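Dear colleague,

Please find below the structure that I am handing over to you, followed by an account of what was found in it. I would be grateful if you could read the two side by side.

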Amino acid sequence: MSAPLPAFSGYGIELEYAIVDRENLSIMAIADEFLHKLSGSYNSAVSVGEVGWSNELVEHQIELKNIKPHAAIESLLPAFQAEIQRADQILESMGAKLMPAGMHPWMNPLVETNVWKGDNSEIYNAYDRIFGCRSHGWANLQSMHLNLPFGDDIQFERLHAAIRILLPILPALAASSPIADGVYSGFLDFRMKNYCDHQMKFPITMGRVIPDTVTSPAAYTDEILAQMYREVAGSDPEGILQYEWLNARGVIPRFDRNALEIRVIDSQECLQADLAIAAAVTGIVHAFYDEVYATLEEQQAIGTDALAEILQSCIRDGELAIVDNAAYLQLMGFPSRHCEARELWRNLTVMMHQSQVERSPNLEKAVDTILKQGPLARRILRTLGPVWQEAQLRAVYDELCTCLEEGRMFLGLKQSPERQAGSLSRS
């Protein structure tokens, strides 16, 4: 095995998409056939140069990721975009295409779920048997996983603490799943609302989603993983799920690759937005890691319940969530005792720019758009208006599919980008 990468020396991105009918946008359970067309054989994972595709829990989802860590997140954009366009060409021949965003807007998981039947199907069957996967929290969710490496125990402790305090406000930037069952769910990040409950049959496997403070890999293994495995053993006597990926917290250690994997970020409408959010999160985590705003001890001292409360507010209200925990805001370096989450993000990005962390100027433009126009969930709702017809909903999500294929951000329908920006900023 190669030596572990030091913190902030390489990054891994995993992006999940739904495969949908090219005309009516309903889900199509053809991930196995898509992978077959890519490789010529029925494999669950296909490498294409520096990137690759793999299956997910259900047959209508697919994942794009970089095979090896990249030193700069922005450098992934050309290879990822080329693969999205190649996938679109292949799927077009199958009458399908990729749909981005955090959830399919009208999938009925109770009747439309098809669990993966290819390689490693025993894992997915075990999940289905133990938890029951015919629900939104299992079968209808698309996220971005961001993997940040750690080189030793000290880096693990500092990185875990830094990510832990940023997790609660990630939905304020990345929420993209306001619609489910064809209606507004009442949450800007309904994917995360469902995620928070999806493994509650065994609460030890997910805690409050926000993890408790842990100071070392050994402590994490003893206090969380070992207890988790014992708890589920009665329902998993063959040990099929006795692996660290059973852990469903918002950030989990992947000791198999010496990385911390963040799971609280919805997939966006285009790669520029995905990677921009990944770069912003990485830069701010780096600043926390360097103790720019607060010491490690101060970061670790804040309670999990307080962080979980902020997370739930951001899941519901996105960038308009009110953050009024004075201790938390002090950790963030915010000069007031309460604010909207978008104000906190603006302040964090300014402070990040003033620190010594690596910047991605091209991706910062996409973050600036999100901060001005709102997360994708807000832009979807604003475009739909308070009342909409089915045709409007299909038009919006068809446009999201086009945004993914063409590599551009979603700013609405039937207007020039200039008029869209003006009208959205006044709303």
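**Salt bridges**

Glu14 has a relative accessible area of 12% and is therefore buried. Please note that this is a predicted model. The side chain of Glu14 forms a salt bridge with that of Arg257, at 3.3 Å from N to O. This pair links distant parts of the chain, since Glu14 belongs to strand S1 (residues 12–21) and Arg257 to the loop between S9 and S10, 243 residues apart. Arg257, at 38% relative accessible area, is partly exposed.

A second salt bridge joins Asp398 and Lys97, whose closest N and O atoms are 2.4 Å apart. Asp398 is in helix H17 (residues 390–406) and Lys97 in strand S5 (residues 96–99), so this pair ties together parts that are 301 residues apart in sequence. Lys97 is buried, with a relative accessible area of 10%, whereas Asp398 is partly exposed at 29%.

Asp368 is partly exposed, with a relative accessible area of 35%, and Lys372 is exposed, at 55%.

Salt bridges with shared partners also connect Glu14, Glu244, Arg254, Asp256, Arg257, Glu261 and Arg263 into one network. The count of salt bridges comes to 20.

**Aromatic pairs**

The count of aromatic pairs comes to 15. One of them is formed by Phe131 and Phe202, an edge-to-face pair with 6.1 Å centre to centre and 85 degrees between the planes. Phe131 is in helix H4 (residues 121–131), while Phe202 is in the loop between helix H8 (190–195) and helix H9 (217–232), so that the pair links distant parts of the chain, 71 residues apart. Phe131 counts as buried at 15% relative accessibility, and Phe202 is buried at 8%.

Phe150 and Phe255 form another edge-to-face pair, because their ring centres are 6.3 Å apart and their planes are at 85 degrees. Phe150 is buried, with a relative accessible area of 3%; Phe255 counts as partly exposed at 22%.

Ring pairs also link Tyr127, Phe131, Trp138, Phe202, Tyr243 and Trp245 into a cluster.

**A charged surface patch**

Asp290, Glu291, Glu297 and Glu298 form a negative surface patch. Glu298 lies in helix H11 (residues 296–301) and counts as partly exposed, at 43% relative accessibility.

With kind regards

Note on methods: Residues numbered from 1 in each chain as written. Predicted model: local features only at pLDDT ≥ 70, side-chain atom pairs only at ≥ 80, totals over all residues. Heavy atoms only, no water. Patch = residues over 30% accessible without salt bridge, like charges linked within 9 Å, V, L, I, M, F, W, Y side chains within 5 Å. Areas by Shrake-Rupley, 256 points an atom, 1.4 Å probe, with all protein chains shown as cover. Salt bridge = Lys/Arg side-chain N within 4 Å of Asp/Glu carboxyl O. Lys, Arg positive; Asp, Glu negative; His and termini not counted. Charge placed at Lys NZ, Arg CZ, Asp CG, Glu CD. Helix = DSSP H or I, 4+ residues; strand = E, 2+ residues; numbered from the N terminus. Buried < 20%, exposed > 50% of the residue type's maximum accessible area, 1.4 Å probe, protein only. Phe/Tyr/Trp six-rings, centres within 6.5 Å; stacked < 30°, edge-to-face > 60°.
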